[in-house]
Amino acid sequence: MNEQHGYIRSLQAGRQGRFVARLLAFAALLFPSVSGAEPLGLKQACDLALHYDARYLAAEADTRIAREEVSKAKAGFLPNIKASTSLGRNQTDHSTFLGEEPTVWYNTLSHSFSVRQPLINLASIASYKQSRAVKAKSESLFEGEHSSLIVRTVELFCNVLYSEENIAFTDAQLKALLAQLDQSKKRYANGFGTITEINEAQASYDLALAEHASALAGLENSRRELERTTGVYAEKLRALDPRKLVLAEPDPRNVESWVEMARAQSSSIRAARQEVEIARKEIDKNKASRYPQLDLWAGRSYSVSENNYTIGSTYDTWSVSVQLSVPVYTGGYTGASIRQAFARRLKAREELHLRERAALTDVRKYYNAQLNSIVQIRAYEQAVKSGEIALEGTRKGFMAGFRTNTEVLDATRKLFETRRSLARARYQYILNRLMLRDAAGVLAEDALDQVDRFFAAGGS
């Protein structure tokens, strides 16, 4: 977690780096051929997202807003200093039962300076403690958004690569089905096949064409989704290298250990705990409004002909006082506020329970998913090998007249579906690794570095 905190602080401090990254992202949008010159890497995509994703940047702004709440609350303990001055020109008409006196014109001048220092204010103390809880909650949410952004970016990155692989699979499937269609036509021309075999092969080929068109549209959508997060439309990505993919079980190899990590470090749970603390301090703040407030007040006032009773008089007054204010009756407002604060604390506690249960469920789910994805990958790898052998044998049997065209088409379809499932399982394994750490609150930069090593240096 210390590495993660340091990483976040370095991002917040790097304003100049953010400007450069945004400038590069903008240039990449204007000149897609430049962005496509070098394949976009996984970690590079995450770095771009950290400087471009609107949801993440909004969370960062929320954190800065919450930090200022502490400064605002501190102001309740510090002196409140006021100064004012005025200069005027007045006219006074004065009359009595003896008659009217001449109109008097005169200037007025006044200056005042006052200092109010709170001495006892329990509400300010509760507000300050509450502001610290608000800050801690916002920082926990920001850490969670940082981890969430990594997972979202990796998922979008993998979606693009899977879409590209899907197109490669459909291309290979089209070639295989076209070869089978040609073979069926030749057999029919030589008197060995039937028109039904040709129709079956044609139908399978047409279906594969439709799947290919759908795969092309899916690739474009996936690239646009990645662009929305990173700000760059990347035509080339660093492809996953199955030889570099390390199928590692969760460490520690005990789901309860991950559960305990989540209880202690999950950002959503920590934020919910701070929300309970915020509600508790709201109760204290409302209760404190019932108690007296004591202030020290000091000031000086200087006036010349301040009003028509002091024409031609100058006053220079210094004063110091201790002021006590005691709330007597607020029409039931204070009592209602306290009851409302108790209800909010109850709500915050229940939401904490909800977050805890959800986080612990996610940890167990992704822990088992990582283990299951390893089993699936190994099973699919073996199934692909078996499917290739089976397809080759079925084709030879078809040429020899022992197998039907339907069996060849079915074996071809199964092989490519298995290859597709294998690719999907590999990407899902990568996501499960990261989502487990995200749910446990321990997703740091080193986890992203480990995953980044699974990808080749060349383009996809």
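Leaving aside neighbours within four places in sequence, asparagine 166 is in contact with Ala215 and Arg420, where contact means heavy atoms within 4.5 Å. The model is a predicted one, in which local features need pLDDT of at least 70, side-chain atom pairs count only at pLDDT 80 or more, and totals for chains, interfaces and linings use all residues. Residues are numbered from 1 along each chain as its sequence is written, and side-chain values use heavy atoms, with hydrogens and water left out.

Asparagine 166 sits in helix 6. Helices (H or I, at least four residues) and strands (E, at least two) are DSSP runs, numbered from the N terminus. With a relative accessible area of 16%, asparagine 166 is buried; buried means under 20% relative accessible area, exposed over 50%, and partly exposed in between (1.4 Å probe, protein chains only). Its side chain makes a polar contact of 2.5 Å with the side chain of arginine 420. A polar contact is a pair of N or O atoms within 3.5 Å; within protein, one must be able to donate a hydrogen and the other to accept it, and residues adjacent in sequence count only if both atoms are side-chain atoms.

Rings of Phe, Tyr and Trp (its six-membered ring) pair if their centres lie within 6.5 Å; planes under 30 degrees apart count as stacked, over 60 as edge-to-face and the rest as tilted.

| Pair | Centre to centre | Angle between planes | Class |
|---|---|---|---|
| Phenylalanine 77 and tyrosine 128 | 5.8 Å | 80° | edge-to-face |
| Phenylalanine 157 and phenylalanine 455 | 5.6 Å | 85° | edge-to-face |

Phenylalanine 77 lies in the loop between helix 5 (54–74) and strand 1 (80–92), and tyrosine 128 in helix 6 (residues 122–189), so this pair ties together parts 51 residues apart in sequence. Phenylalanine 77 counts as partly exposed, at 35% relative accessibility. The other tabulated pair links distant parts of the chain, 298 residues apart: phenylalanine 157 is in helix 6 and phenylalanine 455 in strand 8 (residues 455–459). Both phenylalanine 157 and phenylalanine 455 are buried.

For the protein chain as a whole, there are 12 helices and 8 strands. Of its 460 residues, 41% count as buried. Among contacts with a separation of 6 or more, 82% come from residues 24 or more positions apart. The accessible surface of the protein chain is about 25500 Å², with 55% belonging to carbon and sulfur atoms; accessible areas come from the Shrake-Rupley method with a 1.4 Å probe, and for residues only the protein chains shown count as cover.
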